[in-house]
Amino acid sequence: MPYLVLKDINKIYPNGFHAVHDFNLEIEKGEFIVFVGSSGCGKSTTLRMIAGLEDISKGDFLIDGQRANEKGPRDRGVAMVFQSYALYPQMTVYDNLAFGLTLEGIDEDIIEEKVKNVAKILGLTDYLDRLPKALSGGQRQRVAVGRAIIRKVGIFLMDEPLSNLDAKQRVTMRSEITEIHRKTGATTIYVTHDQTEAMTMADRIVVMKEGYIQQVGTPYELYFNPVNVFVAGFIGEPPMNFVRSTLKNGKIMVGKNEIDLTKKMKAADIKKYEGKELVFGFRPEAISLGAGDGYVIKAEVELTELLGDNTNVYVDIQGDKSILKVNPHDTPEMDSEIVFTIPLESVYIFDNETEKVIK
């Protein structure tokens with residue numbers, strides 16, 4: 001039996017706003033699950049319902065087979081890490097870490113041992129006597145994480161914990177949180193709007209949009225097998241390129257480039273979508289410069305961005321804008337015409353009306 005079960009979960013506020021719709025998810029013990037989506041999609045609201053900080057309007061939430069809808073946060077065995085750190089500014093790092101254990105009446109010798117062990121794991125041993133104001137953002141976040149893991153609960157909930165850190169600190173803390181998860185084995189649910197965090201940390205990702213689940217899967221599944229335009233465009237950096245075009249005689253036009261979809265789609269689907277608009281998608285990094293095996297496209301170079309390990313090339317395909325990711329040594333000249341090839345297996349076709357992928 002799954003450790004956590006969310007069955008037909010809904011959140012409807014008194015003013016009638018429906019924040020989360022029919023949310024269904026089963027989570028195994030020890031999994032690292034990431035909720036991802038743009039602001040306002042319902043991911044933090046769902047996390048707060050799991051924590052017991054928000055009431056569940058409809059549906060059932062089960063922990064280890066037991067209904068937990070009416071249980072308070074403390075009775076659910078959860079620990080939460082917030083975006084704002086929520087540290088006590090007048091307390092030292094030691095006291096911040098020890099505070100929850102002190103409230104539980106645990107013996108001081110045991111508290112000291114636990115605090116020192118957690119401080120060692122998080123690299124905070126030399127900072128135990130300092131106040132939060134004397135710490136960097138990354139160090140404060142470690143304290144916040146430490147305060148959660150010291151309680152030895154079964155469920156960690158993290159709500160955008162890295163959003164206040166700079167880029168370098170985020171990379172470091174991503175690996176540290178992943179390592180802490182590996183060591184503790186706790187079930188972790190992590191909320192972020194950053195798809196890079198989701199891809200690098202998650203066992204499974206839940207992609208949300210406007211209160212609805214769009215897709216649940218491993219990072220690999222979401223990247224290579226997106227179910228719709230939203231997931232395809234949200235996962236990946238830079239995002240997938242999309243060109244909309246009407247299917248005529250089994251072919252579409254991408255700019256002035258004729259694309260024969262009979263090589264890609266089933267005959268039944270070619271017949272079904274004849275005369276209808278489709279969405280032609282391809283990832284920036286899937287292409288190769290020059291004419292090769294696959295769909296060959298001509299385009300005009302508008303802008304290039306050298307990023308060190310690659311170059312982003314912004315192109316105009318006779319009115320359709322796209323981004324290509326190329327080797328920096330092959331960076332084309334601005335305003336030049338280039339030819340690139342998209343392998344057949346790297347092309348995605350979506351129904352323009354439903355935005356669902358056509359497999």
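Which residues of H2 are buried? In helix H2, they are Val93, Asn96, Leu97, Ala98 and Leu101. Buried means under 20% relative accessible area, while exposed means over 50% and partly exposed lies in between, with a 1.4 Å probe and protein chains only. Helices (H or I, at least four residues) and strands (E, at least two) are DSSP runs, numbered from the N terminus. The cover over the buried residues of H2 includes H3 and H4. After H2 comes Gly105, which has a positive phi near 75°.

The model is predicted: local features need pLDDT of at least 70, side-chain atom pairs count only at pLDDT 80 or more, and totals for chains, interfaces and linings use all residues. Residues are numbered from 1 along each chain as its sequence is written, and side-chain values use heavy atoms, with hydrogens and water left out.

Next come the strands. Strands of a sheet pair through backbone hydrogen bonds, either parallel or antiparallel. Here two strands count as paired if DSSP finds at least two bridges between them. Contact means heavy atoms within 4.5 Å.

Leu4 is opposite Ile63 in E4.

Another set of pairings involves E9. Strand E3 (residues 32-36) pairs with strand E9 (residues 204-209) in the parallel sense over four bridges, and Val36 stands opposite Val207 in E9. E9 also pairs with strand E10 (residues 212-217), in the antiparallel sense and over five bridges. Val206 has Val216 in E10 as its bridge partner. E9 and E10 make a hairpin with two residues between them, and Glu210 in the turn has a positive phi of about 50°.

Strand E8 (residues 187-192) contains Thr187. Is Thr187 buried or exposed? Thr187 counts as buried because its relative accessibility is 0%. Leaving aside residues up to four places away in sequence, Thr187 touches residues including Tyr3, Leu4, Ile27, Gly154 and Phe156.

On a 1 Å grid over the protein atoms alone, a cavity is a set of points where a 1.4 Å probe fits but cannot get out, and a pocket is an open set with protein on both sides within 12 Å along at least five of seven lines; lining residues have an atom within 4 Å of a point. Grid points are joined across faces, edges and corners, and a volume is the space filled by probe spheres set on the points.

The largest pocket has a volume of about 550 Å³. It is lined by 20 residues, of which Val78, Ala79, Met80, Phe82 and Arg151 are the closest to its centre. Strand E6 (78-81), helix H2 (93-103) and helix H4 (137-149) are the elements that give two or more residues to this lining. E6 gives the most, with four residues. By class, the lining of the largest pocket has 15 nonpolar, one polar and four charged residues. Ala, Val, Leu, Ile, Met, Phe, Trp, Tyr, Cys and Pro count as nonpolar, Asp, Glu, Lys and Arg as charged, and the others, Gly among them, as polar.

The second largest pocket holds about 220 Å³ of space. Of its 13 lining residues, Val118, Ile121, Ile149, Lys152 and Thr184 are the closest to its centre. Helix H3 (108-122) and helix H5 (167-184) are the elements that give two or more residues to this lining, and H3 gives the most, with four.

How many cavities of 30 Å³ or more does a search of the whole structure find? The search finds one. The largest cavity has a volume of about 30 Å³, and its lining includes Phe32, Val145, Ile177 and Thr188. H5 gives the most to this lining, with three residues. The lining of the largest cavity divides into six nonpolar, two polar and no charged residues.
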